[in-house]
Amino acid sequence: MARAKSELLQGTLDLLILKTLELEPMHGWGITLRIQQVSESVLQVNQGSLYPALHRLEERGWIRATWKASENNRQAKYYELTAQGKRQLVEEKQNWLRLSGAMARIVGTA
Amino acid sequence: MANRLLSIFRFLFRRQKMEQDLDAELRYHIDRLTEHHVAQGKSREDALRQARIDVGGIEPTKEECRDARLGRAIERFLQDVAYGARVLRKNPGFAAAAMITLALGIGANTAIFSLVYGVLLRPLPYAQGGQLVVLHQNAAKAHINDLAFSVKEIADYRDQSHTLQAVVEHHSMNFLLMSKDSAERVETAVVSANFFDVLGVRPLLGRTFVAGDEAYGSGAVLILSYKYWQSHQRGDPAIIGKIFQMNDRPHTVIGVLPPIPQYPAESDVYMPTSQCPYRSSAGFIGNRRSRMMTAFARLKPGVTTEQAQADLSVVASQIERANPDVYPAQDGYSLVASPLREDIARRARAMLLVLLGVAGFVLLIACANVANLLLARLLKLERELAVRAALGASKARLVQQVLTESVLLSVLGGLLGLAFAPPALAVLVRFTEGFTQRVAEVRIDGPVLLFTLLISVGTGVIFGLAPAFSSHGWGGSAFHQGSWSTSSRSRHHLRSALVVAQVAVSVILLAGAGLMIRSFVRLQQVNPGFSPDRLLTMRISPGFPPHTMQTVRLLGDNILAKVKAVTGVETAAMASSFPFNPVGLVSGPGASDYEIEGKPPSKVDVKPTVDIRIVSANYFETIRQPIVKGRSFTVQDERSGPAVVIINQSLARHRFPNEDPVGKRIRFDEMMSWTPWVEIVGVAGDVKEYGLGQPAGDEIYGIIRNGFVNRLIARTSLDPNSMAAVIRATVHDVDPLVAIDQLDTVERAEYDSMASPRLMTLLLGIFAGLAVVISCSGIAAVMALAVSQRTREIGIRMALGANRSAVVSMVLRQGLALVLAGTALGMAGAAALSRLLSTFLYGTSPTDLLTFAAVSMLFLIVAAIACFIPARLVTRIDPLIALRQE
């Protein structure tokens, strides 16, 4: 917990959630784990802000939720991308690449 | 969109399901997280604790999830509204006081705004009304505004201008509409054939005029106004084709107008120019100086009023150069085009704007009052608010709640105000009818309701914001103090400032009302120069035919003889007009050319203007206008001997400054040729012909010799109103075929001539009274609150030996200090603003010292009473109880 609990940039949490859900429908806990795994524990999702973000995205119509049996056989709320969410993901991805490219050029990663 | 609505719906109405979902979802997460921590070797208990910390607490997270929902804002709003309503129900006194105050303010503003909107702002009910302009001919250097137009002048502007699509003319005439056994005067508008096309008015029935109707020799046609059709023809749907006898020829009705305000004058019927016996005579048409008509025009598309004005000024100077005999350079001839919309409401404009400003002031006072009430209420809530702030309610949330409550209050007040508005508006409309035709269009409709809604919400925000933001202590300071008996200093200052502002604005309004009252009293004290009591007047119109110029002479004599013989009639006279004649009030003095023997006008002199009245021999005796020099008319003057005239003192002063005018001779310009010289036999006192507020102009009185003047003026020994029917019957005995109308007493005409200052005085008085009541009740409320807040302090003072009267006077002093400060500020404001009233004031300076002194005294007395009532509450304080109170 001590390591790299750096605040995510505004809006990046949304992108991470959308990207994670692109692969398959997932519940909140799964999203947390997936982000940690894929980022090799560099990114730790602040669990306090994950759920409000999920509800916000649902409110915007980018994701939708259904209750399904989870891997441990309990009912869990699974989120999946809507068509609108998929379009949004493309856009957010491009934005992020542009931004991170610019950041990389300025900070000088080479 | 549908999705969104669905989600709001779900949020608001499927709460339980949503909450269960949220709960289950978070529980699942916590469980998995706990398992995760257990797997890493923690005890079950520690793991659960850690999981809860990780998510930042279950309840805050839930709250954040709810906040992410759109329906949340709506739900909060509804909660606030419900809370506000509950608060108002629980504080009925506060709610009623605030709502009534606001209702008065908003109702007054709604009524005045309906008037302003209907008269000044609403688009004209004519097609593309914005393109219509009225033409005014002025001879500025000769002090003549609004000279009527002649046929030739209208033709010049029509032919020579480049910016006008069409020019139309209008003049009013009275004609007799004859039936077998009676005659009726109808106000007839004589207009160009394209008059209605230019205005863009479609007929309700039948058709409007076409070019052929205006051709000489075509059959005479009439169009009826909606009002006349309704009132005199009982709305007969088969009226088209009906034939009326008028000017000795049959006139066929071809159309009925829709109910629209008629410009430039309300008329009964319309006829084309070729049908008016005066307008169609060759002599009239050929004479550039035969001016009788009003002209207006439609601009070509895309032309602005300024462009048209520039173009028409060029035409005016062309006309002036081409006819130097008619437009001498020293007269300063010019033409002004003004938009019809402004022109039609010209006389009401200044008054309406002043009233709107005054109503706005009243609303401001109401706002300040309610803000103070709200502050007082918040003070009681301070503890509750502090607790809520401590429990995590954000300041924005609390401000939002206070604002919701204040807006709820103001909207309810506005609704109540809407109930007041229609009766208030009905009174206003009745009073303003005389000023503009557009009053007919005044109603409370969409734009007015929108205005009411806006000012309701606006006032709610204004009076809610001040208290909401003054509560910076919500962070918990009030809570920490553990007692709310010491209110924060800033809030106390705010309340004081609100009282001072209220007092200042009230004093400004009171000063305005005081000035109007003083001016009105002055006006009523003006000596009219004659005695108007028990004078009855009526217009008598014989028809030509059956009468001729020869027979009407006898008709006049017979009528006078018979009327004088009626019991209850002291004396009677005939005249071409009478003082305070409403027609004269609107148009002002006429301009007639005359010349004094031995004083030929030099080329540079401005032409003297004078009003000429033709009267019967006993006119001066009848109205009791004194003859100050020379003699009055005699019956012999009516019949034979040389023609004579009487002038008034004003003319004698202006034209015979150091000599006796009696015996001097003058002559008149009649259609470009001079009449024979006429001797001045007397000088009559000045009469305020055009209203008490208007200076007496130069007048020449001529004696009736041939022809007929149609005003009968009778002085009765009984109540003139009770004599009206008898006199009317007497006149009809002489000739049943004369039309009688405009039957009125001169006193009534005098009363009506003061309608405008009376209305202003009345309304300003009402508004000022309202302002004083509202602000004084505000002062009393604030004082009462101050006393109740200081109960403890006062208890200590009394326990230490202060006597009651000393404590009362201490409280009073503080209240009066605010009132004095406000009064001083208000006086300064009044001195700065009262200039706006100067056009409405008669014989009173806008900074009249006496008025200002009287007004401030009056206000101080009322305010002192308002302070004293709550200050007396002090005497009920028992030091023992006060000290124990906590």
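Axes here are lines fitted to C-alpha atoms, for helices over the stretch in contact, and their angles run from 0 to 180 degrees between N-to-C directions. With that in hand, let's look at some close-ups of this predicted model.

**View 1. Helix 6 and helix 14 of chain B cross each other.** Two packed helices are described by the angle between their axes and the distance between the axes. Here the axes of helix 6 (residues 92–121) and helix 14 (residues 346–390) of chain B come within 9 Å and cross at roughly 160°. Angles over 145 degrees count as roughly antiparallel, so helix 6 of chain B is roughly antiparallel to helix 14 of chain B. Their crossing is left-handed. Sorted by class, the residues of this contact are 24 nonpolar, five polar and two charged.

**View 2. Strand 3 of chain B pairs with strand 4 and strand 10.** Of the 15 residues in strand 3 (residues 164–178) of chain B, 12 are buried, so the strand is largely enclosed by the rest of the structure. Nine bridges link strand 3 to strand 4 (residues 183–191) of chain B in the antiparallel sense; look for B:His170 opposite B:Val191. Strand 10 (residues 294–299) of chain B also pairs antiparallel with strand 3, over six bridges, and B:Glu169 has B:Ala295 as its bridge partner there.

**View 3. Strand 3 of chain B also meets strand 7.** Two bridges join strand 3 to strand 7 (residues 243–246) of chain B, and the two run antiparallel. In strand 7 of chain B, B:Met246 stands opposite B:Leu177.

**View 4. Helix 29 of chain B spans residues 849–871.** Its 23 residues should span 33 Å at 1.5 Å a residue, which agrees with the 32 Å between its end C-alpha atoms. Buried residues in helix 29 of chain B include B:Phe852, B:Phe859 and B:Cys867.

Methods: Residues numbered from 1 in each chain as written. Chains lettered and ligands numbered in written order. Predicted model: local features only at pLDDT ≥ 70, side-chain atom pairs only at ≥ 80, totals over all residues. Heavy atoms only, no water. Helix = DSSP H or I, 4+ residues; strand = E, 2+ residues; numbered from the N terminus. Expected span 1.5 Å × (residues − 1). Buried < 20%, exposed > 50% of the residue type's maximum accessible area, 1.4 Å probe, protein only. Parallel < 35°, antiparallel > 145°, perpendicular 65-115°, else oblique. Left-handed = near helix turned anticlockwise from the far one by under 90°. Nonpolar A, V, L, I, M, F, W, Y, C, P; charged D, E, K, R; others polar. Pairing = 2+ DSSP bridges.
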